[in-house]
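This report describes one structure for a reader new to it. The sequence and model come next, followed by short sections.

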Amino acid sequence: PPVRQSRSFVAAAVRQAVPAVVLIETEHPLDQPTSGYFDPELPQEKAPVKRGQGSGFIYDGREGLVLTNAHVVEGASKVTVTLTDGRRLSDCAVLGTDAFSDLAVVRLSSPLKDPLDQDLSLGIDGVADKLDEDLADEMARGEADKAGESEATALVSSTDAADAQDAQDGSEKQGEASASAGKGGLGGRLRAGFLGGGWTLPGLRAELPALFGPPPGEGGAKEPAKEPAAQGTSAARKALFPEVQLGDSDSLEAGDWVIAIGSPFGLENTVTLGVCSASSRSVLKMDAGINLKGTLIQTDAAINPGNSGGPLINEFGEVVGVNTMMRRKANSIGFAVPINRAKAVTCDLAAGKPVTWSFLGISHRSMSPDYAREWNSDPNSYPPNLPEVRGSLVMHVTPDTAAARCGLKRFDVVVAAKGLQVRCVEDLTHAVDATKVGDPLMLKVWRSGRLLEVEARPEDLGAYNRRLEAARAAREQEARENWERREREAREKAEQDSALPGFPPQWPQGFPQGFPWGPFPAPSEPASPLR
């Protein structure tokens with residue numbers, strides 16, 4: 001057969017990114033109706049859960065941080081991540097989610113290769129063996145810088161010598177295990193520290209300088225313990241997880257090659273090829289009930305259920321977007337969150353902080369001279385004198401928002417924001433998003449034939465939604481209390497009427513009989529259900 005001379009750019013890009021792509025499996029608890037009878041002696045059924053799947057990618061291999069979609073992991077009671085190399089990490093932690101960007105950060109649970117965070121229930125010998133087998137090998141792979149490579153090589157050689165000595169002597173006697181520590185092996189030093197040096201499991205981190213420093217009794221003067229320990233832990237952590245290379249989504253243009261990687265329907269590491277159909281598609285134009293901020297990357301690369309959270313990479317293997325959704329009842333129309341927007345929020349998400357999004361509080365539509373002339377020509381239109389300019393026409397102002405407080409009114413036409421001309425809805429939306437919460441936003445507005453200047457101060461969209469939720473909960477609580485009060489009064493009146501001789505029970509008007517409780521029969525009458 002002919003010898004293959006070269007590979008496609010797709011294969012080269014995928015080969016660079018796919019080791020850091022992960023499969024995410026989630027479990028979401030379901031509400032289970034409880035019966036009125038509960039017997040703790042009987043075995044209880046396991047609570048039902050809803051299982052889901054998605055994708056993600058590791059953007060920080062040292063800390064084990066995964067970027068994915070918020071709708072994949074939000075509300076999950078358990079998150080399990082499967083890496084490309086087959087490692088399956090359960091009970092991963094969701095550090096933060098943001099619904100308005102549909103992004104979330106997940107921290108991977110530490111595998112057994114990390115001696116600092118692993119389950120120490122393996123015992124001293126088990127941890128020591130893991131140190132010898134895994135940590136020394138990782139350090140020998142050259143993850144440390146050039147200055148530390150010779151030191152790491154010497155450390156591996158001494159560890160191999162300690163392993164050979166341990167294998168020859170056996171593990172019957174603790175004294176012989178302590179003797180093997182003199183050879184300088186990590187496992188030998190760990191055994192010596194615990195068996196003869198007074199180390200404790202909770203104090204393992206405090207003993208890292210002694211663990212990674214020179215062996216006792218060798219080399220004369222003791223080297224500074226701080227830097228070798230930091231180098232050793234850094235090298236070990238860097239080797240734990242591969243990571244992707246983040247690109248620049250602002251440099252993406254329509255027609256550029258893009259590649260979507262993910263696990264659609266659980267099929268790991270599926271690769272689809274397409275082009276960037278639009279580099280900045282407005283969410284407002286999609287008319288799909290999407291509650292996202294900003295713009296999205298549109299692509300014809302196939303994005304199916306399970307691709308959510310996976311990387312959208314360019315031809316160089318750099319991540320330019322986070323696959324988030326597909327357009328239903330359409331072919332080859334998928335969308336991804338630009339990676340530059342993800343870069344702006346990942347620090348807050350990883351720290352568990354809420355992401356702030358500027359919010360003005362208006363509904364608006366694009367305004368053009370043709371639209372204004374058509375509006376003004378209708379004798380039933382109001383107001384009848386819209387200015388024939390380009391801008392953003394305010395259709396509704398939400399009460400108790402930044403727009404209402406600054407004096408914006410319905411049918412105002414915003415023609416400039418922050419000194420830049422507003423020609424459509426997207427221009428005003430971009431100006432609001434680019435303004436920090438609480439900072440002044442200067443607007444030029446046409447109203448009743450006059451050009452006005454208005455200073456608005458956008459507020460946090462999340463805080464506004466939480467305020468709305470608190471008000472809704474208060475209204476529900478008030479309605480519940482009112483219903484309980486009326487029900488209690490009705491019950492008391494029914495009891496009083498039932499106790500009077502010669503008066504049949506009368507259920508108060510406005511309450512259905514038997515709900516939630518029926519009136520009590522008189523003591524002289526037999527109990528019978530109401531008809």
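## Surface patch

Which residues make a nonpolar surface patch of about 270 Å²? The patch is made by Phe 9, Trp 257 and Leu 273. Such patches consist of residues with over 30% relative accessible area and no salt bridge, nonpolar side chains being joined within 5 Å; a salt bridge is a side-chain nitrogen of Lys or Arg within 4 Å of a carboxyl oxygen of Asp or Glu. Areas come from the Shrake-Rupley method with a 1.4 Å probe.

Phe 9 belongs to helix α1 (residues 9–17); helices are DSSP runs (H or I, at least four residues) and strands are E runs of at least two. With 32% relative accessibility, Phe 9 is partly exposed, the class between buried (under 20%) and exposed (over 50%).

## Basis of the model

The model is predicted: local features need pLDDT of at least 70, side-chain atom pairs count only at pLDDT 80 or more, and totals for chains, interfaces and linings use all residues. Residues are numbered from 1 along each chain as its sequence is written, and side-chain values use heavy atoms, leaving out hydrogens and water.

Residues touched by Leu 67 (heavy atoms within 4.5 Å) include Phe 57, Val 105 and Ile 339.

## Ser 249

Ser 249 sits in the loop between β8 (245–246) and β9 (257–262). Ser 249 is buried, at 6% relative accessible area, and touches Pro 338 and Asn 340, among others. A polar atom of the Ser 249 side chain lies 3.2 Å from the backbone nitrogen of Asn 340.

Note on methods. Buried < 20%, exposed > 50% of the residue type's maximum accessible area, 1.4 Å probe, protein only. Polar contact = N/O pair within 3.5 Å; in protein donor to acceptor, adjacent residues only side chain to side chain. Patch = residues over 30% accessible without salt bridge, like charges linked within 9 Å, V, L, I, M, F, W, Y side chains within 5 Å. Lists of a residue's contacts leave out its neighbours within four places in sequence.
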